[in-house]
Amino acid sequence: MGAFEAVILTIITASTPLLLAAIGELVTERSGVLNLGVEGMMIMGAVCGFAAAYTSQSAMLGVAAGLIAGVGMSLLFAFLTQTLMTSQVATGLSLTLLGLGLSGLIGEAFTGLPGIKLAALDIPFLSDIPFIGPILFGHDILVYASLAITAGAAYVLFRTRLGLIITAVGGNHHSAHALGYNVIRVRYGCIAFGGGCSGLAGAYLSLAYTPQWIENMSSGRGWIALALVVFSTWLPGRVLIGAYLFGAVWIMGLYVQALGVAIPAQLLSSLPYLVTIVALIIISGNKTLTKVNTPACIGQPFAPER
Amino acid sequence: MKKLIGSIALSLAMVFAVGAASAAEKLKIGFIYVGPIGDHGWSYQHDQGRLAIEKAFGDKVETVYVEKVAEGPDAERAIERLARKGAGLIFTTSFGFMEPTLKVAKRFPKVKFEHATGYKQSKNVATYNARFYEGRYIIGQIAAKMSKSGTAGYIASFPIPEVVMGINSFILGAQTINPNFKLKVIWVNSWFDPGKEADAAKVLIGQGADIITQHTDSTAPLQIAADKGAMGFGQASNMIKFAPKAQLTSIVDNWAPYYVRRVRAVLDGTWTSSNTWDGLTQGTVEMAPYTNMPADVAAMAKKTQAMITSGKLHPFTGPLYKQDGSMALAAGKVMDDGTLSGMNWYVKGIDGNLPK
């Protein structure tokens, strides 16, 4: 395996959890809901994914469990913020804290156990093509799922009636309500979608990235995903670019270090964040573009009777 | 009525007196762990030491532990709680507990404290550490023997002397077998981040390293090595079950002999504050079984281990040269502990710069 090929494969692995969590949050935010609990949903996906996979010895069941855990956590958030009208920011932050604590409790029994690795899809002939084979056809199902979900989200948001409804609910919930759309129900759906994606991102961590359960193993990836959504100005294509940019800068930092290039290691580890922030500043410089895509109602509660 | 109350009071007093007497006989020993016991690394090994104390002294001692204590103000509260609950001896088992331990020790002058890997002692605070670099010299030799590409990858945490001396010891061991052995180092700026450690391992293997070693605490690098057909070494505990076909050996921390010794000293009344740095000789550093290697390599490793254990061989023996070629230690001299514990330079043969 060539060095270049290895780097690309590593970048794909590093970027996939970010992409999964970010695309889910993008859809949630498009409907006008800010869920800061991505980290909490992700870590719950990781622990439940590992627990189910270890107990059943089936990685696919683990993926399903991660998905369900993410959806479950997000429905709790939806109930609190949409039905009980709590503050989205405070509830989202609590969801992260709850997820980190609860996952530690559930994971207690699963710490230090050898994991079940999600196998790569082995496509006959295609996976065997040199260079292109491993890069395009040698991944596990979640890598393809992350790309398919991103493409699907872009299609639904910009090419379908449902996408228009979601955008309308996020842009002006009173108008959407007046037109006869059930704002709360649309938001419930988008929150659950976001939770499911975060759960899958978590399952990817504990089943594919590093197949084991370790407390706090998401180590801030949920927050990076949240930042990526803003960086992308709520456009799925840009979320894809952002996630891969972050992953690429991170891996290239390690790569450069191992080559022995004289750049301080501390600078290299902070580089992905710096690059993302700089990109964020450059992009938000274009005011019209940001304005067009920002969900105007983000973070605001909606009461139908008003 | 008065009589009845009086007799109840008397019997209660008796119960308390008996309780107090037995509590005084029993030495209560407290432990503060930075991670969960189930980390299968650092904290796990300290807990094995606690269990060894219980086994050795049985009814004479009572042990309590608090796990997952964050370094910082929380630690001070946790240590103080143990002291207040009547612990006579408290082990605080992470570098970051240094200041909190000293603060609490000042408030509880009668309680004895043992702080792992620190460098500040006081009248009732002793420090202890292990000579892990001795093990790293052995695994360096094994790496040079086993590597086909002549290159190993090293995943390092923070550029502190403890870690730097490990890297130097590893390459010095490797150079005794292959003078041109190459070592690629990646600093991940974390003790424990499985994702980062795994990424680093992948990059190192991608750049031609076929042996992976680490000074970080998770099992991820070893698992990646196993996955990619490379070999590796465990860290802190025997990690063979995570990589049955790829672990060559593991440097195991065995705190039990030291812990038992110190508890005995407290029971005998001979405990004094000290600074202990034990290694293979005292059994604080142990090597996991040499596996997945030919018999001659295992024999060589055992021989080196025996020589270090008996004191015939010190990994840092002159002539030693720094990375820039300048003399670090004259021929035939053995490095003293003071220089060793302040090491902030690479030896000759390591590419790349040491972050400052």
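**Entry 1: chain B as a whole**

I began with contacts in chain B: of those with a separation of 6 or more, 63% join residues 24 or more positions apart. I count two residues as in contact if their C-beta atoms, placed from the backbone, lie within 7 Å. This is a predicted model, in which local features need pLDDT of at least 70 and side-chain atom pairs count only at pLDDT 80 or more, while totals for chains, interfaces and linings use all residues. Residues are numbered from 1 along each chain as its sequence is written, and chains are lettered from A and ligands numbered from 1 in the order in which they are written.

I then noted that 48% of the 356 residues in chain B are buried. Here a residue is buried if 20 or more other C-beta atoms lie within 10 Å of its own, exposed if 12 or fewer, and partly exposed in between, with C-beta atoms placed from the backbone. Along the principal axes, the C-alpha atoms of chain B fill a box of roughly 90 × 45 × 35 Å. I find 11 helices and 14 strands in chain B; these are DSSP runs numbered from the N terminus (helices H or I, at least four residues; strands E, at least two).

**Entry 2: two domains**

Chain B is divided into domain 1 (19–130) and domain 2 (132–253 + 284–340), with bounds from an automatic or database domain assignment. I get 30 Å between the C-alpha centres of domain 1 of chain B and domain 2 of chain B. Seven residues from domain 1 of chain B and 10 residues from domain 2 of chain B take part in the contact. On the domain 1 side, H2(B) gives the most, with three residues.

**Entry 3: the parallel sheet**

I traced an open sheet of six strands in chain B, in the order E2-E1-E3-E4-E5-E11, with parallel pairing. Two strands pair if DSSP finds at least two bridges between them. Strand E2 (61–66) and strand E11 (275–278) of chain B are at the edges with a single partner strand each, so one side of each has no neighbour in the sheet. From one strand to the next the twist averages 20°. (Axes are lines fitted to C-alpha atoms, for helices over the stretch in contact, and angles run from 0 to 180 degrees between N-to-C directions.)

Strand E1 (residues 27–32) of chain B pairs with E2(B) in the parallel sense over six bridges. Within E2(B), B:Glu62 stands opposite B:Lys28. Helix H2 (residues 42–57) of chain B lies across E1 and E2 of chain B and runs at about 165° to E2(B).

**Entry 4: helix H4 of chain B**

Helix H4 (residues 98–107) of chain B lies across strand E3 (89–92), strand E4 (112–116) and strand E5 (125–130) of chain B, at about 175° to E4(B). Which residues of H4(B) are buried? I list B:Met98, B:Pro100, B:Thr101, B:Val104 and B:Ala105. They cover an arc of only 165° around the axis, which puts them on the same side of H4(B); the arc is that of the directions from the helix axis to the C-beta atoms. Their cover includes helix H3 (73–84), E3, E4 and E5 of chain B. On the face of H4(B) turned away from the buried side I see the exposed residues B:Lys106 and B:Arg107.

Another open sheet of six strands in chain B runs E7-E6-E8-E9-E10-E12, with mixed pairing. Its edge strands are E7 and strand E12 (285–287) of chain B, each pairing on one side only. Strand E10 (residues 247–253) of chain B and E12(B) pair in the antiparallel sense over three bridges, and B:Met287 in E12(B) is the bridge partner of B:Ile251. H7(B) packs on the sheet, where it touches strand E6 (151–156), E7 and strand E8 (211–214) of chain B.

Next I looked at chain A: 31 residues of chain B are in contact with 29 residues of chain A. Strand E7 (182–187), helix H7 (194–206) and helix H8 (220–227) of chain B each supply at least two residues of that side of chain B. H7(B) gives the most, with 10 residues.

**Entry 5: nonpolar cores**

The largest nonpolar core has 149 residues, and those touching the most other members include A:Leu200, A:Tyr204 and B:Ile186. Such a core is a set of buried Ala, Val, Leu, Ile, Met, Phe, Trp, Tyr and Cys residues joined through C-beta atoms within 7 Å. Helix H9 (residues 183–209) of chain A gives the largest share of this core, 16 residues. A second, separate core of 32 residues includes B:Ile53 and B:Phe113.
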